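Work through the exercises below with the coordinates at hand. Each task is followed by a solution in steps.

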Amino acid sequence: MYSRQQKELNRLQTKVSKGSMSRREFLSRVSAMGLGAMAPGLYMQSAMAAPKQGGRFRQGVTGGATSDVLDPGQILDHYMLNVQFGQLRNNLTEVAPSGELVPELAESWEGSNGAKTWNFKVRQGVEFHNGKSLTSEDVVDSLNHHLGEDSKSAAKGQLGAVTSVKADGKYGVVVELSGGDADFPFILTDYHILICPSNGDGTVDWQSGTGTGGFSLVEHEPGVRTLTKANPNYWKPNRRFFDEVETLQIADSSARENALRTGELDAMNNVAPKTADLLKRQPGIVVDVTKGNKQVTLPMLTNVAPFDNNDVRTAMKYIIDREQWLQVVARGYGELGNDNPIGPANVYRATTDELPQRGYDPDKAKYHLKKAGFDSLNVKFHAAETGFGGSIDAGQMMAETARPAGINVEVVREPDDGYWSNVWMKKPFSACYWSGRPTENMMFSTVYWGEAAWNDTYWKNAQFDDLLLKGRVETDPTKRRAIYVEMQQIVHNDGATVLPLFLQDIFAINDKVRHPDVIGGNWELDGCKAAERWWFA
Amino acid sequence: MSSLARIILQRLGLGLLTLFAVSLIIAFVVELLPGDITQAMLGQSATPETVAAFRKEIGLDRPAHIRYFEWLGGIFTGDLGQSLASKRDISEFVGTRLSNTLFLGGLAAAFAVPLALLLGLLAALYRNSIFDRIVNLTTLTSISFPEFFVAYILILFLSVKAGIFPGISNVSTNLAFGDQLFRTILPALTLTLVVLAHMLRMTRAAIINLLSSPYIEMAHLKGTRAFRVIVYHALPNAWGPIVNVIALNLAYLVVGVVVVEVVFVYPGLGQLLVDSVAKRDLPVVQACAIIFAAVYILLNLLADIVSIVSNPRLLHPR
C-alpha cells in the first residue's frame with residue numbers, strides 16, 4: 001500500500017516540477033491520498049526542485065538598433081541592457097529580486113566622512129572571459145569611463161558628485177564625492193556602470209564585449225541577434241543555468257508573439273497590453289507582469305505662465321480620470337499614480353494614509369483655477385507616441401474630462417523624431433515616461449532636485465531640496481522614511497508633474513522555462529537578469 | 001552591336017550622375033531632419049555636455065558640406081566610411097545585410113517571375129474564360145491587401161496552425177544553405193503574392209494586344225496550335241513591356257520590403273536603412289541609398305537592353 005502511494009506521489013511531483021500540473025490540482029490529488037496536511041510542503045519541494053543546467057535560452061526582445069554599441073555608457077534601451085547588464089558584465093553592486101542592495105563585484109563597502117568617502121573591496125579570484133583577473137585597476141578605469149569632459153556616457157549625470165576614483169592596493173577602490181550620499185552604492189547598480197577590463201592606460205576595453213558576467217559573447221549583429229555562451233568560470237554560486245543564450249531583436253509585437261507561440265522563442269518582453277489576454281489563452285504559454293516603477297508623467301514647466309502658479313498645477317492634477325487612463329492606456333496592467341514618482345518597487349513609498357489618492361474632481365480643479373485668478377484656461381498638450389504609448393488618445397480623454405472644470409486642453413501631435421530634444425523640457429506641457437529608480441534618493445535626485453540636469457519641469461522647492469540633502473546622509477531607516485514621506489507629500493502638493501499611472505511590464509514565457517518565485521521588479525524580465533537567474537525544467 | 005555598347009556606356013555614365021545627385025539629395029534631406037545623431041543616440045539622456053562631447057568625437061562640429069565632400073572623396077577610393085553610431089566599417093555590415101536582401105529578393109523572384117509568366121501566358125491563351133477570371137481575381141486580391149496582412153495570414157495558416165514553417169526568419173551568416181532557404185520561404189512567399197499580379201497582368205495584356213495583329217492571324221490560318229502561336233509568335237514581340245515590369249518588380253523586391261522584413265524579423269537592408277535614418281547615421285543612410293539607387297539603375301538598364309535586343313527595329317535604328 002505504502003509503495004503504491006509513494007509511486008503516485010512521485011508521479012505527481014514530477015508533473016509539478018515539469019510544470020504540467022497546477023498547485024490546486026496537486027493539493028487536491030495529494031489530499032485525496034490522505035496526505036492533506038503534508039500537501040503544501042510536498043508541493044513546494046517539487047516546485048522548487050533544484051535548477052537544472054543546460055539548453056539554449058532564446059529571448060525575443062525590443063529596443064535594439066543597428067547603431068547599438070557595446071559601450072556600457074551608451075546603453076539606451078532594453079536590448080543592450082539585456083545583453084550587457086544581464087549577460088556579459090557585472091556591476092559593483094546589484095539589486096536583488098527582493099529589492100535589497102547586495103554585493104556583486106564589490107565584496108563589501110564602507111562610507112565615511114559623512115558618506116563622502118567610499119571604500120570598496122573588490123572581490124578576489126574573479127576572472128574576465130579572456131582569463132584576465134579582476135583588480136582595482138579595472139574598476140577604477142570602468143568608473144572613470146563615465147567621468148570627465150570627453151565622456152558621452154549616459155551615466156555622467158548619475159555620477160556627477162564623484163570627484164575622484166582611486167585604487168587602494170590591488171583590491172581596494174576609494175571614491176570621493178563632492179557631497180555626502182548614503183545611497184552611493186545603490187547608484188552603482190545602474191546598468192551603465194558595468195565593469196570592463198582595463199587597457200592599462202586609463203581606458204577600458206568595451207569594444208570586445210569582454211566582462212565578468214555569466215555569459216561570454218559569441219556572435220553579435222547589432223540590432224538583429226546576439227549569441228552568448230555560458231562562462232565556465234562564473235564566480236556567482238547557484239546562477240547561470242543555460243548553456244547558451246540567443247537574444248533576438250523583434251520590434252513587431254505580433255512577430256514576437258507568433259515566434260513564442262510557434263516555439264521559436266522561450267521568452268519575450270513587452271507584450272502589448274491589448275493582446276495580453278489573448279496570449280494568455282494559448283496553451284503552453286505563461287503571461288506574467290513585472291511590477292516596477294515605470295511611470296507615465298505629464299511635466300509642466302514652472303518657468304513659464306501659467307504653470308508657475310501652483311494652483312494652476314493643482315487644478316491640472318484634478319482634471320484627469322486616472323481610472324479611465326488605467327483602463328485605456330494600460331488596459332488595466334498598471335496602478336493609479338498619485339503625482340508622486342515613488343512607486344511599488346521602492347521601500348519608503350508613502351501609504352495611502354500618509355498621502356491620500358488624488359482622483360478626478362472638476363469642482364476642485366475649478367476652485368484652484370479661481371484661486372489662481374482664472375475663469376477658464378487654454379492649455380496645449382504636446383504629445384507623441386515616443387513620450388509614452390497611447391499619449392495622443394490619453395490627451396483626447398483629458399480634453400473631455402477637463403472641459404467641466406473650464407480648462408480647454410488642445411492636443412498637439414508632435415513628431416516622434418527629435419521628441420526628447422525639441423518637445424520634452426521645451427514645451428510647457430508634454431507627455432513623458434520614466435523607468436523609475438530603485439531608491440527614493442535616486443529618483444528625486446535625477447528628476448525632481450532643483451539642480452538636476454533632468455529636472456524636466458524646472459521645479460525648485462527649497463524645503464524639498466533641503467530634505468533631499470538630509471536624506472542622502474541619513475543612515476537611520478526610521479528617520480529616512482520620515483524624510484522621504486515628507487518629500488513625497490511636497491511633490492504631490494506642490495510639484496509640477498502630473499503622474500497619473502504606474503505601468504506594469506508584461507512578459508511571456510513558454511512552459512519549459514522556470515524562474516524563482518520572487519522576480520526582480522527593477523527592469524523587465526527579472527531585473528533583466530533572466531539569463532543568469534532562470535532555467536529550463 | 002557597337003550601337004548597343006554605346007547605349008550601355010552612355011546609360012552607365014548617366015547612372016553615375018544619378019547616383020551623385022541621389023547622394024547630394026540624401027545628405028541635404030538628412031540635414032533637414034530635426035535633431036542629429038547625437039540627440040538620437042542619447043535620447044532622453046542628451047544633456048548639452050554629453051551632446052557636445054559626442055559631436056566632437058565624431059566630427060559633427062564641422063560644417064555639413066565639408067563632411068559631405070570628405071565622404072565623397074572616400075567613395076572614389078572605394079571606402080564607404082564608418083558608421084557614426086557604431087564606428088564599424090560600413091562595407092563590413094552592409095555586405096551581410098545586402099546579401100540577405102538579395103537572397104530574399106532572389107528567392108521571391110525565383111517563385112514569382114516564372115509563375116507570373118506562365119499564368120500570364122495561360123490567361124492570354126484562355127482569355128475571358130473561368131480560368132482567366134479566377135487567376136486575375138486571386139492575384140488582384142493578394143496585391144490589394146497590405147503586405148503585413150498577407151504576411152500575418154501566411155504565418156497564421158502555415159506557421160501557427162500547420163506548423164510547417166517557422167514564424168520568424170532567424171537567419172545568420174553561418175547557417176547551412178538549406179536552413180536559410182527553409183527559414184526564408186514564408187517572407188519570399190509573401191513577396192511573391194505581392195508582386196505576382198502586376199507582372200501577370202502585363203504579360204497577359206501585352207500578348208493579347210499582339211493577338212489581333214495580322215501576322216498572328218496568319219499564323220493561325222496556317223494551322224499553328226494556339227499555345228505555339230503565343231510562345232513562338234506573340235511572346236518575342238511582347239518581351240519589351242514585360243521585361244520592364246519585371247525589372248520594376250525585381251527592384252521593388254530589393255528596396256521595398258521593409259514591412260516584410262519587420263514582420264518576419266528578417267535582417268535585410270531595409271531595416272538597416274530605417275534604423276539609420278531614425279538615428280541620423282548619415283554615412284549608412286548614404287550607403288543604403290546608393291545601393292538602392294544602383295539596383296534601380298542597373299535593373300532598368302538591363303530591361304532596356306533586353307527590349308532592344310528582342311526588338312530588331314530598336315537594335316538597328318535607321
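**Exercise 1.** State how much area is buried between chain A and chain B, and which residues of chain A lose the most area.

Solution. Take buried area as the accessible area (1.4 Å probe) that two parts lose on being put together, summed over both. Between chain A and chain B this comes to about 3400 Å², with carbon and sulfur atoms giving 56%. On the chain A side, A:Thr66, A:Ser67 and A:Lys152 lose the most area to chain B, together 19% of what that side buries. Next, count contacts (heavy atoms within 4.5 Å): 41 residues of chain A touch 40 residues of chain B.

The model is predicted: local features need pLDDT of at least 70, side-chain atom pairs count only at pLDDT 80 or more, and totals for chains, interfaces and linings use all residues. Residues are numbered from 1 along each chain as its sequence is written, chains are lettered from A and ligands numbered from 1 in the order in which they are written, and side-chain values use heavy atoms, without hydrogens and water.

**Exercise 2.** Decide whether the radius of gyration of chain A agrees with that of a compact globule.

Solution. Apply the rule, 2.2 Å times the number of residues to the power 0.38, over C-alpha atoms. The C-alpha trace spans about 80 × 60 × 45 Å along its principal axes.

**Exercise 3.** Find what share of chain A is buried.

Solution. Call a residue buried under 20% relative accessible area (1.4 Å probe, protein chains only). Of the 537 residues in chain A, 58% qualify.

Methods
Buried means under 20% relative accessible area, exposed over 50%, partly exposed in between (1.4 Å probe, protein chains only).
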